[in-house]
Structure formats: structure tokens, C-alpha cells
Amino acid sequence: MNDTLHNDRLLRALLRQPVDVTPVWLMRQAGRYLPEYRATRARAGSFMALCQTPDWACEVTLQPLARFPLDAAILFSDILTVPDAMGLGLTFSEGEGPQFACPVRSVADIHRLFVPDPETALRYVMDAVRLIRRELAGRVPLIGFAGSPWTLATYMVEGGSSKDYARIKGLLYDQPGLLHRMLEVTAQAVTLYLNAQIAAGAQAIMIFDTWGGILTPRAYQEFSLAYLARIVDGLTRVADNRRVPIILFTKGGGAWLEAIAATGCDAVGVDWTVDLSEARRRVGAQVALQGNLDPAVLYAAPERIRAQVAQVLADFGPGAGHVFNLGHGVQPGVEPERVGALVAAVHELSASRPTGDGV
Ligand code: CP3
């Protein structure tokens with residue numbers, strides 16, 4: 001897949017190279033806040049059917065790009081497709097979020113876990129990546145993604161979303177060796193899965209560690225970060241003569257930015273609880289930073305959104321190495337016009353700023 005990339009701001013910024021304006025994309029940029037997404041989802045019948053039918057996955061991936069001049073597309077899929085392919089039986093019921101038919105609840109369940117072959121069990125994802133690359137035709141790069149082993153394990157053990165993480169934390173403190181075994185298999189599965197996405201055409205990779213922030217500093221290092229580092233080590237870093245940047249995002253991980261940056265990733269995602277200028281002072285010489293507007297700012301009026309965007313850009317300051325994003329995903333109740341105001345503000349307000357190397 002060797003087509004010319006017409007807008008490579010995202011890839012450049014992730015590698016801390018100068019750009020004309022700050023690139024912007026949003027976590028959950030395709031999703032329920034868009035009426036056209038809700039219409040396609042209704043036609044598909046279910047969220048899983050959307051994910052598993054490459055034509056539909058491609059259609060919804062491109063929907064936000066048709067509305068807004070975003071600087072990247074992100075593969076439409078879910079982090080939980082990997083445990084689904086490991087035999088856990090994933091369904092999404094309306095209003096209830098993800099549910100596994102066969103959650104991991106016993107020693108035998110853990111010993112049964114296996115590394116799925118991405119080109120068979122997850123072929124639909126690779127087909128979607130190939131189709132999206134073709135349809136994008138080099139307009140913007142395509143981001144592939146996966147969940148962190150720790151975050152996947154929370155869903156695999158709890159059986160779905162959780163409030164107290166009682167089962168997974170019980171496992172962590174009672175039988176850490178068993179949890180390590182599970183994380184080990186899951187890390188291998190994620191590594192293979194991401195390398196298959198890169199081979200299929202993903203041009204940057206993001207790993208979502210949504211629940212790393214619920215851990216103690218020591219447990220974070222041992223049960224989440226160690227596996228993130230192992231995945232970073234195992235990923236293909238160059239494809240089609242271009243570096244494939246890796247972004248690590250631990251929600252609630254603001255206290256551990258130095259440790260995250262030290263994994264060898266190219267960029268660190270930061271949530272809105274972190275001051276971006278401080279984040280930059282701490283790790284900005286080592287990695288690019290992605291973030292970190294509070295997603296709730298999108299409930300405010302366009303001129304307020306613009307002011308908050310200006311603040312995030314000012315917090316990062318001049319120089320290369322910033323990818324604008326929210327600190328977490330776009331929420332379903334947001335009006336699409338507000339997202340338009342955000343994207344326009346990022347490009348307009350960053351255009352006049354010096355973007356030269358480093359500093
Ligand atoms: O960002 C994008 O636009 C790409 C698509 C994407 C989805 N999920 C689509 C989705 C990505 C990158 C994800 C990642 C994901 N999935 C994460 C990590 C990022 C994060 O948000 O922290 C997590 C934890 C999941 C697991 C998951 N998927 C949950 C808990 C839920 C239910 C809650 C919710 O937000 O609906 C989902 C469903 C889901 N994944 C939807 C979408 C668009 C909504 C499904 C629908 O009802 O149409």
C-alpha cells in the first residue's frame with residue numbers, strides 16, 4: 001500500500017517534526033453523537049454487525065471526515081474484539097454496554113485462553129483496514145488501535161463494565177501469578193493483532209489503557225505498564241518506508257508520564273486532569289503529547305470552545321510535538337456543530353504560531 005499521503009501532519013507531529021498547523025482528531029470521533037452513525041447502526045442491526053462488516057465499518061470511519069477537516073481517521077472497531085476472538089462471546093446490548101457470555105472466572109478459564117490468529121478470527125478488522133485505506137486514498141493517515149492487556153482483562157474478568165472492579169482486583173491481590181498468565185497471553189494477542197493491522201495498512205497505532213488509572217502506582221507498573229512496554233517492543237515500527245508511531249494512553253495516568261514515555265513509545269496521550277505545560281516539561285523532550293481538552297467543553301457554546309482550545313494550545317506552547325485531542329472520547333450527547341467549532345479553532349488558532357523544531 002504505497003499511495004501518497006496528502007496530509008501527514010499527524011504522523012509528523014507524533015514524531016515531533018514541525019507542522020503548518022496543529023493536527024487534530026478526536027477519540028470516538030465516529031459514534032452516537034452523529035445522526036448518520038445512528039442511522040448506519042440501525043441499518044446494521046447491532047454494534048457488532050457494524051464492526052464485523054467491513055463496508056459498514058468503513059462507512060462509519062469516514063463519516064466524521066465528511067463533516068470536519070480532521071487530520072486522521074481512526075479504524076471503527078472496538079478494543080473488545082480481541083477477547084471476543086479468544087472465545088469469550090461479546091455482545092453489546094442497548095444501553096447496557098459490553099457483555100461477555102463466557103467471562104474468565106476460574107483457573108481453567110485462564111488456562112483455556114489462547115492467542116487468536118488475526119487474519120482468521122479477526123479477519124473482518126484487517127479487511128476493514130484495507131478497505132478504509134483504499135477509500136481514504138491518502139487524504140489523511142489511518143490510526144489502528146487495541147486495548148491494553150490490563151484494560152482488556154478488567155472486561156474479561158468482570159464480564160463487562162464495572163463500578164468497583166471487585167473481581168479483577170480480587171484476582172490481582174489474591175492470585176497475581178494467574179493474572180500475569182492472563183496478561184501474558186493477552187499481550188501476545190494484542191501484539192500480533194496490532195502488527196496485523198500495520199501489515200493491513202494502519203499508519204499509526206494507539207493503545208487504550210482506559211483503566212490503568214484505577215491501579216496503585218506499584219500495581220500499575222507491574223500489571224499494566226510492563227505489558228504495554230512489551231507490546232511496544234514487539235511492534236513493527238516501519239512500514240512502507242515510514243515510521244509507524246505508537247501512542248500510549250493511560251486514562252488517569254498523569255502521575256506516571258515519565259514511566260509511560262520510557263517504554264519507547266512515540267507519543268503519550270494525556271487526559272484533562274493533567275496540565276499540558278507541566279506534562280511537556282516532564283516528558284516533552286522524549287515523546288510527543290496528545291490531548292487534552294476536557295470532553296465536557298463540547299457542551300459549551302462555540303466561542304467558549306474556542307477559548308478553551310486556545311488555552312490547551314497555549315499550555316502546550318510553541319514548537320513541535322503536539323497532537324490535539326480530547327482527554328477522553330466524544331460523549332454521545334454532544335451536538336456535531338460543537339465538534340466542528342473545535343476542529344476549526346485548532347487549525348485557525350495554531351496557524352499563526354511558530355512551529356519550528358523542538359523548543
Ligand atoms: O474512536 C473511534 O471513533 C473509534 C472507535 C472506537 C470504539 N470503541 C467504538 C465504540 C474505539 C477506539 C473504541 C475503544 C474502546 N472500547 C475503549 C477504549 C477507549 C475508551 O473509550 O476508553 C473501551 C473501554 C471500549 C469498550 C466499550 N465499547 C464500552 C465500555 C462500550 C459501551 C459504552 C459506550 O460508550 O457505548 C463500547 C461501545 C462502543 N464502542 C460504541 C462505539 C461507537 C457505542 C456503541 C453503540 O451503541 O453504537
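I looked up Trp211 first. Trp211 is partly exposed, because its relative accessibility is 21% (buried is under 20% relative accessible area, exposed over 50%, partly exposed in between, with a 1.4 Å probe and protein chains only). I note that this is a predicted model, where local features need pLDDT of at least 70, side-chain atom pairs count only at pLDDT 80 or more, and totals for chains, interfaces and linings use all residues. Residues are numbered from 1 along each chain as its sequence is written, and side-chain values use heavy atoms, with hydrogens and water left out.

I then searched the whole structure for aromatic pairs and got six (rings of Phe, Tyr and Trp, the latter by its six-membered ring, with centres within 6.5 Å; planes under 30 degrees apart are stacked, over 60 edge-to-face, the rest tilted). One of them joins Tyr165 and Trp211: it is tilted, at 5.6 Å centre to centre and 50° between the planes. Tyr165 sits in the loop between α8 (149-158) and α9 (166-174), and Trp211 in the loop between β5 (204-209) and α11 (217-234), so the pair ties together parts 46 residues apart in sequence. Helices (H or I, at least four residues) and strands (E, at least two) are DSSP runs, numbered from the N terminus. Tyr165 has 8% relative accessibility, so I count Tyr165 as buried.

**Tyr220 and Trp256**

Here the ring centres are 4.2 Å apart and the planes at 15°, so I log the pair as stacked. Tyr220 belongs to helix α11, while Trp256 lies in the loop between β8 (246-250) and α12 (257-261), 36 residues apart. Both Tyr220 and Trp256 are buried.

**Other rings**

I found one aromatic cluster made of Tyr37, Phe47, Phe76 and Phe92. I also checked Phe316: the charged end of Arg280 sits over its ring, 3.9 Å from the centre (NZ of Lys or CZ of Arg within 6 Å of the ring centre and within 35 degrees of the ring normal).

**Ser350: buried or exposed?**

Ser350 is buried, because its relative accessibility is 1%. I place Ser350 in helix α15 (residues 336-351). Its side chain reaches the backbone oxygen of Val346 at 2.6 Å. Leaving out residues up to four places away in sequence, Ser350 touches Asp20, Val21, Thr22, Leu313 and Ala345 (contact means heavy atoms within 4.5 Å).

**Arg12**

Arg12 is in helix α1 (residues 9-14). At 26% relative accessibility, I count Arg12 as partly exposed. A polar atom of its side chain lies 2.9 Å from the backbone oxygen of Pro18.

Definitions and conventions:
Polar contact = N/O pair within 3.5 Å; in protein donor to acceptor, adjacent residues only side chain to side chain.
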